[in-house]
Amino acid sequence: METAVRGKFSRHPAALMPSAMPCISAIMSSDSSNGNHHGPYPGFPVTAAGLAENSTNAAGDGPECQNSFRVLLVNWSLKNRGGTESVIRDIALGLHARDLAPLVYAPSLGPIAEEIAAAGIPVVDDLARIGDQPDIIHAQHFFTTGEALIHFPRVPAIHFCHGWSPALERPPRFPQIRRYVAVSECTRDNVVNREGISAERAMILPNAIDLARIPARPEPLPERPLRALAFLPRASEAILPVLRTACEERGIAFAVAGLDREEANPERILVTHDIVFATGRSAIEALAAGSAVIACDGNGFGGFVTPETYDRFRRHNFALRGLTGAVTPSAVGRELDRYDRADAETVAARLRADADLDPYLDQLISLYRAVMAEHRADPPAGHAIRAAVQRFLHEALPHPLVDCDTTGNRPGVLPDHSAELQTELIATHTALTAERSAHDEMRSALSAAQSDLAAERSARAALEVESGACREALAAIHRSTSWRVTAPGRWLSNLFVRLPLRHSARV
């Protein structure tokens with residue numbers, strides 16, 4: 001069967017982007033001061049595609065004015081079925097259904113990439129395989145965003161930030177990025193108040209999901225909850241015993257899904273449970289499935305999403321900033337006891353109205369068009385792009401001979417945990433040595449106990465031999481002639497002993 005997925009399924013992007021290297025050379029070797037400004041941007045070589053684009057733009061008919069244009073969707077990975085992977089899938093399929101032309105790139109591909117490709121959408125793990133230049137780049141994650149912008153330096157972009165703490169969520173700085181889009185107030189702060197991106201270039205666009213993927217519930221929510229599901233990633237595995245105990249104490253059946261992000265259709269599982277423990281996109285999916293949702297994960301506990309708390313949770317993407325408490329047995333138990341079917345149904349209806357993919361795509365396409373028009377009217381200078389590339393390479397490439405910061409890591413690069421691992425190794429070795437010493441002591445004690453047992457067995461055997469000898473001697477006495485001759489005397493002696501006793505008893 002023909003597939004649109006091209007290339008390998010496991011190329012690590014931190015190997016720094018071989019497909020981008022020729023583009024880096026072209027960008028860095030160009031000279032914007034030589035007066036050769038015939039290309040789309042000063043300092044870039046002229047190509048047939050560039051001339052065609054300039055001709056189109058000069059005619060006032062850029063891609064933002066056309067019904068269809070190419071969108072390159074970029075993500076760190078399309079291997080597992082995580083949150084950002086599902087976002088890319090839904091957007092790609094949604095744009096395709098609207099007769100736009102999505103292209104998808106991720107360095108690591110898997111089942112969710114195959115799902116996208118099955119619709120006839122090109123999915124690659126190497127940007128060099130893309131022959132048509134996209135009209136706009138919709139990018140997520142630090143490394144892959146930079147790689148795409150280096151490979152297609154003349155294309156405008158929007159960058160999405162979905163998280164707070166991972167280094168991958170750090171926004172790269174390129175003049176081609178016209179908007180930085182956050183999914184919550186927390187992630188906007190990551191962009192604006194942590195990384196210094198201009199507030200005018202930042203905006204919030206809350207997550208949405210494809211409601212068509214969610215089947216109808218087999219039956220309405222019950223008055224009393226009967227089934228609960230922890231729809232959480234592996235990172236939150238430590239809280240599962242607390243959730244399980246609280247549910248089972250109340251007669252609520254407890255199940256787990258999502259730990260390894262392997263469920264192809266988690267919506268079919270969600271609609272069969274009354275209560276779902278989840279955060280982020282998982283919580284949105286569970287609410288849309290009609291379940292009562294308790295927001296919690298390894299970061300903390302937020303409680304039920306109710307009509308009163310819905311707005312606050314939605315602003316925070318049902319995630320980090322909404323989790324203000326600790327996951328404790330008492331907190332989980334109190335919340336389970338507050339279950340209210342009517343509240344859950346009200347919240348589900350509101351979420352389905354707020355998080356529908358169709359109006360979300362309307363906003364997204366309008367944003368694409370605005371960004372393309374803005375970029376076309378005021379393209380960035382070649383020297384600004386070169387400076388951005390230099391900065392990106394400085395931040396992305398490891399510098400082993402430079403003390404970069406107090407942690408010894410380059411900002412934006414995955415941290416080096418070798419010191420922590422060495423400490424763990426030493427601690428493990430120490431613990432193992434102590435266990436071996438304790439094991440040796442136990443073996444010595446066991447050996448001593450076995451020796452004592454053997455001695456006791458020998459003594460018992462000696463006693464049994466002596467006892468047997470005594471029995472034999474007694475039997476020999478009973479068989480002797482003297483014993484038989486003296487028997488009448490012993491009988492008379494016993495009789496005279498018993499007669500006074502009987503007389504005393506009668507008196």
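Visitor: What makes strand S9 and strand S11 count as paired, and which way do they run?

Guide: In this predicted model, three bridges join strand S9 (residues 227–231) to strand S11 (residues 275–278).

Visitor: Why is histidine 316 called buried?

Guide: Its relative accessible area is 10%, and buried means under 20%; histidine 316 therefore qualifies. The residue lies in the loop between helix H10 (310–315) and helix H11 (329–337). Leaving aside neighbours within four places in sequence, histidine 316 is in contact with Ser184, Glu185, Arg321 and Gly322.

Visitor: How do you know that the span of helix H14 agrees with its number of residues?

Guide: Helix H14 (residues 382–396) has 15 residues, which should span 21 Å at 1.5 Å a residue; the end C-alpha atoms are 21 Å apart, so the two values agree. Among the buried residues of H14 are Ile385, Val389, Phe392 and Leu393, and also Arg386 and Glu395.

Visitor: What is the corresponding result for H3?

Guide: H3 also has 15 residues. From its first C-alpha to its last it reaches 21 Å, close to the 21 Å expected at 1.5 Å a residue.

Visitor: What makes H3 a mostly covered helix?

Guide: Eleven of its 15 residues are buried, including Thr84, Glu85, Ile88, Arg89, Asp90 and Leu95. The buried residues of H3 pack against S2, strand S3 (101–105), H4, strand S5 (136–140), helix H9 (280–288) and H13. Just after H3, aspartate 99 takes a positive phi of about 65°.

Visitor: Which residues have the most contacts inside the largest nonpolar core, and which elements contribute to this core?

Guide: The core has 34 residues, and those with the most contacts inside it are Leu78, Val104, Leu364 and Tyr368. Two or more residues come from each of strand S2 (70–74), helix H3 (83–97), helix H4 (111–117), strand S6 (157–161) and helix H13 (357–377). H13 gives the largest share, nine residues. Leaving aside neighbours within four places in sequence, leucine 78 is in contact with residues including Ile88, Val104, Leu109, Ile112, Ile116 and Val123.

Visitor: What other core is found, and which residues does it include?

Guide: A second, separate core has 33 residues, among them Leu72, Ala139, Val191 and Leu393.

Visitor: What describes the protein chain as a whole, in its elements, burial and contacts?

Guide: The protein chain has 17 helices and 13 strands. Of its 507 residues, 44% count as buried. Among contacts between residues at least 6 apart in sequence, 70% join residues at least 24 apart. The chain exposes about 25,500 Å², of which carbon and sulfur atoms supply 55%.

Methods: Residues are numbered from 1 along each chain as its sequence is written. This is a predicted model: local features need pLDDT of at least 70, side-chain atom pairs count only at pLDDT 80 or more; totals for chains, interfaces and linings use all residues. Side-chain values use heavy atoms; hydrogens and water are left out. Two strands pair if DSSP finds at least two bridges between them. Helices (H or I, at least four residues) and strands (E, at least two) are DSSP runs, numbered from the N terminus. Buried means under 20% relative accessible area, exposed over 50%, partly exposed in between (1.4 Å probe, protein chains only). Contact means heavy atoms within 4.5 Å. A nonpolar core is a set of buried Ala, Val, Leu, Ile, Met, Phe, Trp, Tyr and Cys residues joined through side-chain atoms within 4.5 Å. The expected span of a helix is 1.5 Å times one less than its number of residues. Accessible areas come from the Shrake-Rupley method with a 1.4 Å probe; for residues, only the protein chains shown count as cover.
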